[in-house]
Every structure is written in C-alpha cells, then in structure tokens.
Amino acid sequence: MMPLAAAIALSLAASAQAQEQVVKIAHVGPITGPIAHIGKDNENGARMAIEALNAQGIVLDGKKTRFVLVAEDDASDPKQATAVAQKLVDAKVAGVIGHVNSGTSIPASKIYYDAGIPQISPSTTSAKYTQQGFNTTFRVVANDSQLGGALGRYAASTLHAKTAAVIDDRTAYGQGLAEEFSKAAKAAGMTIVSSQFTNDKATDFNAILTSFKAKKPDVVFFGGLDAGAGPMLRQMRALGIKAKFMGGDAICTSDLPKLAGDGISNDQVICAEAGGVEDSGRKALDGFRTAYKIKYGKDVVIYAPYTYDALMTMADAMQKAKSADPKKYLPELAKIQHQGVTGMISFDAKGDIKDGTITLYTYRGAQRSQLAVTK
C-alpha cells in the first residue's frame with residue numbers, strides 16, 4: 001500500500017498537470033528554397049520567444065500555461081502557404097506569426113481571418129497586406145510605401161542621382177517595392193530610364209543588364225531577394241556597369257556579400273530594412289543579437305528580432321486578456337502597447353505598426369554598415 005505522504009504528493013502532481021494548458025502559436029516561413037536562410041532566421045527568433053515565455057510561468061484562464069511553437073514551411077509558395085494556413089486552422093492554433101513574404105502572407109491572411117485567428121507578420125511589407133479590411137492582420141515593420149519611398153528620396157537627395165533603371169521579380173513584394181521606389185524617385189525629380197521584370201528564381205540577368213548599360217543609369221534598383229541580387233551584382237561588374245545598386249530589406253542581408261562575391265564593392269549597395277532602432281533603443285537590440293549568436297552560433301540575418309517581438313506582442317495581448325482564446329485577446333492586440341527589443345509596438349486601425357522606422361545600410365569590407373534610421 002502506498003504511504004499517505006507519497007499518495008498526496010502524487011495526487012497534487014496529477015492535479016497540477018491537469019491544470020496546465022498548452023497554447024499553440026504557429027510560425028510560418030520558407031524553410032526550403034532560395035530564401036530558406038531568412039525563413040529559418042525568423043523561426044529561430046520565434047523559438048527564442050517561446051523559450052522566454054515558458055521561463056516566465058505565465059498563467060492564463062487560471063491555468064499555468066506552456067507555449068508550444070508549431071513551425072511550418074511554406075517554401076515562399078502561395079499555394080503551399082494557403083495549404084499550411086488551413087492546416088493550422090484545423091490544428092486550432094491560438095495565433096500565427098508569419099508569413100515571411102508578402103506573396104504568401106496575403107493569400108494566407110484570408111484563411112486566418114475567416115477562422116478568426118490573429119496573424120502578425122514580422123517581415124511582410126506589401127501595402128496590400130493590411131488593406132484588405134481584415135481585423136486579424138497585423139505587422140511589426142514598415143510597409144513598402146514607406147520603404148520604397150525612403151529609398152527613392154535617398155537616391156535623389158543624398159546620392160544626387162538623376163536617372164534610375166528598375167527591375168523587379170514580379171512577386172507581390174518585389175513589384176510593390178519597385179513601384180513605390182519609382183513613384184518617389186520621379187516625385188523627387190529623377191527619370192526612370194527603363195523598367196524591366198524577371199522572376200524570383202532567375203539568376204541570369206545579362207540581357208536586362210545589357211539593355212540598362214546603354215542607358216547609363218546612375219542607379220539600378222532591384223525589387224527582389226538577395227538570392228537574385230548576388231548574381232545581378234556579379235553580372236553588373238562583368239558588364240562594367242558602375243551604377244549604385246539599391247533595393248529593399250530582402251537584399252539587405254548578411255548573406256549578400258557571399259552571394260555577390262567580388263561583384264560588390266564598398267558603398268556600391270544601398271538598401272533599406274523595414275525597421276530599426278534609434279540610439280536610445282540600441283542596447284536592447286544588441287542584447288538580443290548577442291543572445292541569438294550565443295544560442296545559434298551565427299549572426300541574425302534580418303528579421304529574427306522582429307519575429308521575437310511579434311510573438312511576444314501576441315503573448316502580451318493574451319496576458320492582458322487573461323486568455324489565449326482569439327476572440328478574447330484580439331481586442332487587446334488591436335490596442336496593445338508592447339515594448340519590444342525593436343522598439344515600441346502598437347498598431348493603427350489597419351494593423352500597420354505605428355511610426356514604423358526604416359534603416360538604410362551600405363556594405364563595406366563585406367560587412368553591412370548602417371547609414372541612417374529614418375521614418
């Protein structure tokens with residue numbers, strides 16, 4: 001017969017176990033394909049947030065809560081993204097962090113909206129993402145209108161460029177960014193001498209670049225990913241095109257110098273990241289970057305800190321609502337003010353981050369170097 005003390009201890013342990021609840025939060029991004037390094041970087045940020053939450057011993061609905069990350073791969077493919085979104089709805093996740101790309105986030109967002117599941121993207125920048133009227137759709141970075149606009153104004157006012165040739169990869173992200181750059185550049189007095197397009201799997205741009213060369217643009221702007229920007233820079237060098245090379249956050253990675261090889265020279269590339277902190281917030285972001293490197297043995301690629309903040313913001317809304325039920329915590333998420341490692345996070349009526357910042361970078365000695373933080 002079991003001793004009374006042991007029986008009581010066993011009963012208490014069983015009771016505590018019964019009182020624990022599991023809250024599933026999903027992360028979706030490309031874990032395979034040409035930008036798998038960006039998708040994995042985001043997933044790593046999400047995992048760090050889950051670990052931080054579980055270390056806090058959070059109680060929701062009167063129960064000790066254990067958070068679990070449900071990680072899915074959308075391979076940057078809109079069809080796979082919608083299949084994954086439906087899978088997550090069926091799995092009854094409490095919320096979704098992702099997707100990485102505009103082209104996957106936009107179609108998936110309708111499925112989450114129909115199911116009433118909040119979605120926070122840490123890296124989607126297409127303006128269309130938050131213009132659909134979905135109250136479940138949020139982002140923690142600036143959008144393409146802000147990003148492309150900042151790059152267009154910088155080309156005219158700081159680089160004193162008069163002409164630009166523009167190429168995009170026909171993704172929702174790349175095309176939207178190129179359009180916003182062109183609009184801002186023209187408004188600032190520049191001339192767009194050529195606009196061409198490719199696709200997000202292409203690596204041979206010689207025909208397009210040869211047509212650009214004859215027009216002698218001051219700037220070549222690329223709306224696309226670092227996987228395309230690297231070969232493009234090498235081919236520009238081989239063709240003797242000395243124009244400045246500009247692009248958005250998806251080329252602004254720590255991997256770009258490796259992808260470009262000897263095609264990249266000091267101060268040739270100017271890119272913008274949707275996000276960034278001013279000097280007052282630098283300590284928190286640097287602390288995250290250090291912790292990330294200790295944990296994973298490598299540097300942050302781009303958006304791991306924003307993914308961390310997106311998940312922590314969602315969990316903060318759950319704590320304010322004292323519930324992981326989307327119906328209960330969604331109103332708290334809409335009015336949240338969360339101090340993250342990337343700054344203060346709050347959303348406007350569309351789900352865009354308020355006062356989103358943009359950081360401009362160049363590359364020197366194969367290292368990314370900050371130029372300015374702007375809005």
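This is a predicted model: local features need pLDDT of at least 70, side-chain atom pairs count only at pLDDT 80 or more; totals for chains, interfaces and linings use all residues.
Trainee: Let's start with charges. How many salt bridges does a search of the whole structure find?

Mentor: The search comes back with 17 salt bridges.

Trainee: What makes E43 and K40 a salt bridge?

Mentor: Their side chains come to 3.0 Å, N to O. The cut-off is a Lys or Arg nitrogen within 4 Å of a carboxyl oxygen of Asp or Glu, so the pair qualifies.

Trainee: Where do E43 and K40 sit relative to each other?

Mentor: Both are in helix α2 (residues 36-56), three residues apart, which means about one helical turn separates them.

Trainee: Which residues do salt bridges with shared partners join into one network?

Mentor: K40, E43 and R47.

Trainee: And what parts does the salt bridge between R368 and E273 tie together?

Mentor: Here the side chains meet at 2.8 Å, N to O. R368 lies in strand β15 (residues 367-374) and E273 in strand β11 (residues 269-274), so the pair ties together parts that are 95 residues apart in sequence. R368 is partly exposed at 25%, while E273 is buried at 2%.

Trainee: Now D74. What makes you say that D74 has no salt bridge?

Mentor: The nearest side chain of opposite charge, K201, is 10 Å away.

Trainee: What does the side chain of D74 make a polar contact with?

Mentor: The side chain of T104, at 3.4 Å. The limit for N or O pairs is 3.5 Å, so this one gets in. D74 itself is in the loop between β3 (63-73) and α3 (78-90). Leaving out residues up to four places away in sequence, D74 touches V28, G29, P30, Q80, A81, H99 and T104.

Trainee: On to cysteines. Why is the C252 and C271 pair called a disulfide?

Mentor: The two sulfurs are 2.1 Å apart; the cut-off is 2.5 Å, so the pair is a disulfide. The search of the whole structure turns up one disulfide.

Trainee: What makes the disulfide right-handed?

Mentor: The torsion about the S-S bond is about 60°, so the disulfide is right-handed. C252 is in the loop between β10 (244-247) and α9 (256-260), and C271 is in strand β11, 19 residues apart. Both cysteines are buried.

Trainee: Which residues have the most contacts inside the largest nonpolar core?

Mentor: F67, F181, M246, L311 and M318, in a core of 72 residues. Helix α11 (residues 304-321) gives the largest share, ten residues. Another core lies apart from it, with 26 residues, among them L209, A229, M236 and I251.

Trainee: And what does L311 touch?

Mentor: I25, A46, A49, I50, L53, L69 and I97, not counting residues up to four places away in sequence.

Trainee: How do you know that V166 is buried?

Mentor: V166 has a relative accessible area of 3%, and the line is drawn at under 20%, so V166 is buried. V166 is in strand β7 (residues 163-168). Beyond residues up to four places away in sequence, V166 touches A178, F181, S182, I192, S194, S195, Q196, F212 and F221.

Trainee: Last one: is A108 buried or exposed?

Mentor: At 0% relative accessibility, against a limit of under 20%, A108 counts as buried. A108 is in helix α4 (residues 102-115). A108 touches A81, T82, A85 and H99, again not counting residues up to four places away in sequence. A108 and K79 are 29 residues apart in sequence, with their C-alpha atoms 9.1 Å apart in space.

How values were computed:
Residues are numbered from 1 along each chain as its sequence is written. Side-chain values use heavy atoms; hydrogens and water are left out. Helices (H or I, at least four residues) and strands (E, at least two) are DSSP runs, numbered from the N terminus. Buried means under 20% relative accessible area, exposed over 50%, partly exposed in between (1.4 Å probe, protein chains only). Lys and Arg count as positive and Asp and Glu as negative; His and the chain ends are not counted. A polar contact is a pair of N or O atoms within 3.5 Å; within protein, one must be able to donate a hydrogen and the other to accept it, and residues adjacent in sequence count only if both atoms are side-chain atoms. Contact means heavy atoms within 4.5 Å. A nonpolar core is a set of buried Ala, Val, Leu, Ile, Met, Phe, Trp, Tyr and Cys residues joined through side-chain atoms within 4.5 Å.
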